[in-house]
Amino acid sequence: MMQELILTGHGFVYAVIVMVYVVIAKKIMDWRTKDMDDDYEIEEKSNPAVGLQRAGLYLGIALGMSGALTGGSMGFVKDIVTLAWEGALIVILLFIAREVCDRVILSGIDNDAEAADGNAAVGFAELGVYVASGLILAGAFAGEGGGLLSALVFFALGQLVLFILYFVYEKATPFNIREEIKNGNAAAGLNAAGMMAALGVILRSSIAGPAMGWSQDLSAFAVSAGAGLVMLFIFRWVIDWLLLPNTDYETEIKRDQNMAAIALTEGVLLSVAIIIAAVL
């Protein structure tokens with residue numbers, strides 16, 4: 001009983017540390033978007049785009065820091081110190097991932113301006129990037145023996161694979177996802193978010209685990225990530241075929257902007273990704 005109470009207390013302290021970094025990230029975002037009162041946008045204008053941006057960032061922080069809590073304990077005090085400095089690095093890396101997203105995945109779109117206008121599609125897309133990046137960070141900081149260099153290298157590799165595979169998906173899609181997001185098609189934004197989050201689930205599993213040496217670790221990452229992503233893309237089309245029997249996702253996204261249909265298919269895609277990741 002006493003041991004359970006002690007562990008509960010430890011969990012409370014870890015949650016407090018995560019909340020500290022959430023508040024820090026909020027202050028950074030407030031500074032970044034100082035021309036817009038984000039609190040007013042959320043609280044008074046019910047702006048979904050800004051709410052989705054912030055939700056994605058905070059969830060990404062928690063996901064990334066959850067990886068820092070895995071592995072063997074070094075003692076409560078040392079665990080707190082490690083979580084504190086790794087948490088700071090995770091917040092920095094999430095903001096870097098967001099900047100890369102702005103210049104690569106959502107190039108040609110002024111995210112902050114679109115969010116201020118209430119473009120929920122942009123909010124969904126950013127949420128997807130933050131969640132996927134948080135999952136990649138969770139994998140990079142999980143396990144034992146890798147060290148900081150290993151975490152940074154695998155985070156960078158995970159981001160690279162995420163962006164490459166997203167562009168492959170975008171090219172295979174019969175319409176311009178980026179243009180649909182820019183035009184405020186929330187179904188397109190949700191589709192992008194779901195796909196990136198599912199990719200993040202696969203990449204997290206491909207990265208996580210104890211360090212076995214650079215050659216073995218890189219080979220294992222390449223094999224498991226490649227196999228997992230191929231399976232995910234196959235299921236992407238199977239899900240659309242089975243669960244949208246009277247239509248297709250192009251019609252539901254581009255013409256109908258059907259959030260219900262896309263929420264259904266992306267939810268199932270994430271479910272499949274979780275199962276695939278469990279066996280990698």
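This is a predicted model: local features need pLDDT of at least 70, side-chain atom pairs count only at pLDDT 80 or more; totals for chains, interfaces and linings use all residues.
Helix packing comes first. Two packed helices are described by the angle between their axes and the distance between the axes. For helix α7 (residues 147-172) and helix α9 (residues 186-207), the axes sit 10 Å apart and the angle is about 140°. The two helices are therefore oblique to each other, and their crossing is right-handed. On the α7 side, the contact involves Phe-154, Gly-158, Val-161, Leu-162, Leu-165, Tyr-166 and Tyr-169. These meet Asn-191, Ala-192, Met-195, Met-196, Leu-199, Leu-203 and Ile-207 on the α9 side.

Helix α7 also packs against helix α4 (residues 76-103), with axes that come within 12 Å and cross at roughly 25°. That angle makes α4 roughly parallel to α7. From α4, the residues making the contact are Trp-85, Leu-89, Leu-93, Ala-97, Val-100 and Cys-101. Their partners in α7 are Leu-148, Leu-152, Phe-155, Gln-159 and Phe-163. Here too the crossing is right-handed.

The α10 face of the contact includes Gly-228, Met-231, Leu-232 and Phe-235, along with Arg-236, Ile-239, Asp-240 and Leu-243. Facing them in α12 are Leu-264, Thr-265, Glu-266, Val-268, Leu-269, Val-272, Ala-273 and Ile-276.

Back to α9, taken on its own. The helix has 22 residues, which at 1.5 Å a residue should span 32 Å; the end C-alpha atoms are 31 Å apart, so the two figures agree. Most of α9 is covered, with 21 of its 22 residues buried. Its N-terminal end is capped by Asn-185, where a side-chain oxygen lies 3.1 Å from the backbone nitrogen of Ala-187. Ser-205 also belongs to α9. At 17% relative accessibility, Ser-205 counts as buried, because the cut-off is under 20%. Setting aside neighbours within four places in sequence, Ser-205 is in contact with Ala-277 and Leu-280.

Helix α6 (residues 120-141) gets the length check as well. Its 22 residues should span 32 Å at 1.5 Å a residue, and the end C-alpha atoms are 31 Å apart, which agrees. Of those 22 residues, 21 are buried, so α6 is largely enclosed by the rest of the structure. At the start of α6, Asn-119 brings a side-chain oxygen to within 3.0 Å of the backbone nitrogen of Ala-121.

Gln-53 is found in helix α3 (residues 48-68), and Ala-115 in helix α5 (residues 111-116). Gln-53 has a relative accessibility of 1%, so this residue counts as buried. Ala-115, at 0%, counts as buried too. Leaving out neighbours within four places in sequence, the contacts of Gln-53 are Arg-98, Asn-111, Asp-112, Ala-115, Gly-123, Glu-126 and Tyr-130.

Most residues other than glycine have a negative phi. Ser-46 is not a glycine, yet its phi is positive, at about 55°. This serine sits in the loop between α2 (38-43) and α3. With a relative accessible area of 56%, Ser-46 is exposed. Gln-257, again not a glycine, has a positive phi of about 50°. Its place is the loop between α11 (249-255) and α12 (259-279). Gln-257 is partly exposed, with a relative accessible area of 42%.

Key. Residues are numbered from 1 along each chain as its sequence is written. Side-chain values use heavy atoms; hydrogens and water are left out. Helices (H or I, at least four residues) and strands (E, at least two) are DSSP runs, numbered from the N terminus. The expected span of a helix is 1.5 Å times one less than its number of residues. Buried means under 20% relative accessible area, exposed over 50%, partly exposed in between (1.4 Å probe, protein chains only). A polar contact is a pair of N or O atoms within 3.5 Å; within protein, one must be able to donate a hydrogen and the other to accept it, and residues adjacent in sequence count only if both atoms are side-chain atoms. Axes are lines fitted to C-alpha atoms, for helices over the stretch in contact, and angles run from 0 to 180 degrees between N-to-C directions. Angles under 35 degrees count as roughly parallel, over 145 as roughly antiparallel, 65 to 115 as roughly perpendicular and the rest as oblique. A crossing is left-handed if the near helix is turned anticlockwise from the far one by less than a right angle, and right-handed if clockwise. Contact means heavy atoms within 4.5 Å.
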